[in-house]
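Visitor: I'd like to learn how to read a few features off a model. Can we go through them one at a time?

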Amino acid sequence: MAKLIVSDLDVKDKKVLVRVDFNVPIKNGVIGDDNRIVAALPTIQYIIDNNGKAILFSHLGRIKTEEDKKELSLRPVAERLSELLKKPVTFVPATRGKELEDAINNMKDGDVLVVENTRFEDLDGKKESKNDPELGKYWASLGDLYVNDAFGTAHRSHASNVGISSNMPQAAAGFLMEKEIKFLGDAVENPKHPFVAILGGAKVSDKIGVISNLIEKADKILVGGGMTYTFYAAKGLSIGKSLVETDKIDLAKQIIAEAGDKLVLPVDNVVATEFSNDAPHKVVEGDIPDGYMALDIGPKSVAEFKDVLKTAKTVVWNGPMGVFEMSNYAKGTLEVGEALGDLTDATTIIGGGDSTAAAKQLGIAPKITHISTGGGASLEYLEGKELPGIAAITNK
Ligand code: ADP
Ligand code: MG
């Protein structure tokens, strides 16, 4: 369904409340990766260029104690934003009260203001994270318009997304939110075929919802990573010391039966005696020998996966093919990633924190059509769930 977009709004002279996703890695006040700030720029710039006042809300990390506030202030983020926008940005070290209200009332058209970490409100009964009705209403009262550009938070019902939305006549999507909905939405609802999903990572339980939803929609589902061996166990293969979720074996059996030849499991694996890069390791086909654990997919599997990918028109990748953090078990992820980067004629989408990290490490990121900024949110989208943050945006 088409959503109201920030560009549909007349922002001139208006106080525009914008929920952005500035939940960046931060240590001792130093930002590790500013991707999410960069991703929010188009929406902020649009409001500035059209003479609106941009009032930005975001959470950062989790606030459980008074002590957490020191490490998780948005001040360094506001400073980085100022550098990126090449203009002053006002930072207000409060989430409510006179200082914030005065600062907002003093804004001129084209000004940008960052409100302190919305989760500072969590110290007082989780008001942000539990969508306290009073808080959403209060924040809504500070502005004229509302834009939600925080896809990474869309799977949560917070005061700063769902709460503000429900107290405004309408809520619009920002450009990042629009892009995420378009690419993930098209992949799930309207993919160009062949549609191939590559699913890996640690646990079956994390990805089971995605597999179930994509069984009907995808033409092939390539499985790698730690969850492979629960499927192996379901097929009666030996798994040695490999990662397994014994309580998911029955579910894996069911999926195998339902998916038929859509589900492609690795035929060979790199196995090691310990979970260590220095452990003795080798490639084996089929059964994993006793005393060994599988830590990557093997060369034959890589070749088969590449073969399937060759003709793909839509590919969604979530989860590495092995323990890519260790160089001896990174090859499967690396080669599958490269094959994805080489697909010039397909829409390629990556979701998931570790898969995104792998893509960046490989340098293939620029060749990918869309890398989702939301780990949990992209997974839930691929599961076919309705995300509360998106549902709260006005339909056109
Ligand atoms: P994403 O963040 O992309 O969704 P996940 O968090 O589900 O991915 O999984 C990533 C983790 O899975 C990585 O830390 C990786 O080391 C681990 N992993 C991949 N393959 C295996 C395996 N065969 N055994 C154990 N862990 C694995
Ligand atoms: Mg992860």
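Visitor: Which side chain does asparagine 269 join through a polar contact?

Guide: Some ground rules before that: this is a predicted model, where local features need pLDDT of at least 70, side-chain atom pairs count only at pLDDT 80 or more, and totals for chains, interfaces and linings use all residues. Residues are numbered from 1 along each chain as its sequence is written, chains are lettered from A and ligands numbered from 1 in the order in which they are written, and side-chain values use heavy atoms, leaving out hydrogens and water. A polar contact is a pair of N or O atoms within 3.5 Å; within protein, one must be able to donate a hydrogen and the other to accept it, and residues adjacent in sequence count only if both atoms are side-chain atoms. Here the partner of asparagine 269 is the side chain of tyrosine 229, at 2.6 Å.

Visitor: Is asparagine 269 buried or exposed?

Guide: Buried means under 20% relative accessible area, exposed over 50%, and partly exposed in between (1.4 Å probe, protein chains only). Asparagine 269 is buried, at 0%. You'll find asparagine 269 in strand β12, residues 268–272; strands (E, at least two residues) and helices (H or I, at least four) are DSSP runs numbered from the N terminus.

Visitor: What about cores: how many residues does the largest nonpolar one have?

Guide: In soluble globular proteins, nonpolar side chains tend to be buried together. A nonpolar core is a set of buried Ala, Val, Leu, Ile, Met, Phe, Trp, Tyr and Cys residues joined through side-chain atoms within 4.5 Å. The largest one here has 75 residues, and Phe22, Val112 and Phe151 are among those with the most contacts inside it. Domain 1 (6–179) and domain 2 (191–382) both contribute residues, so this core lies between them; those bounds come from an automatic or database domain assignment. Another core, of 25 residues, lies apart from it and includes Ile198 and Val308.

Visitor: In what order do the strands of the open sheet run?

Guide: Two strands pair if DSSP finds at least two bridges between them. The order of the 6 strands is β5-β6-β4-β1-β7-β8, with parallel pairing. At the edges sit β5 (90–92) and β8 (172–173), each pairing on one side only. Inside the sheet, β1 (15–19) and β4 (53–57) pair over 5 bridges.

Visitor: And how many residues of helix α14 are buried?

Guide: For α14 (375–382), the count is 6 of 8, so to speak mostly covered. Leu379 and Tyr381 are among the buried ones. Following α14 comes glycine 384, with a positive phi near 85°.
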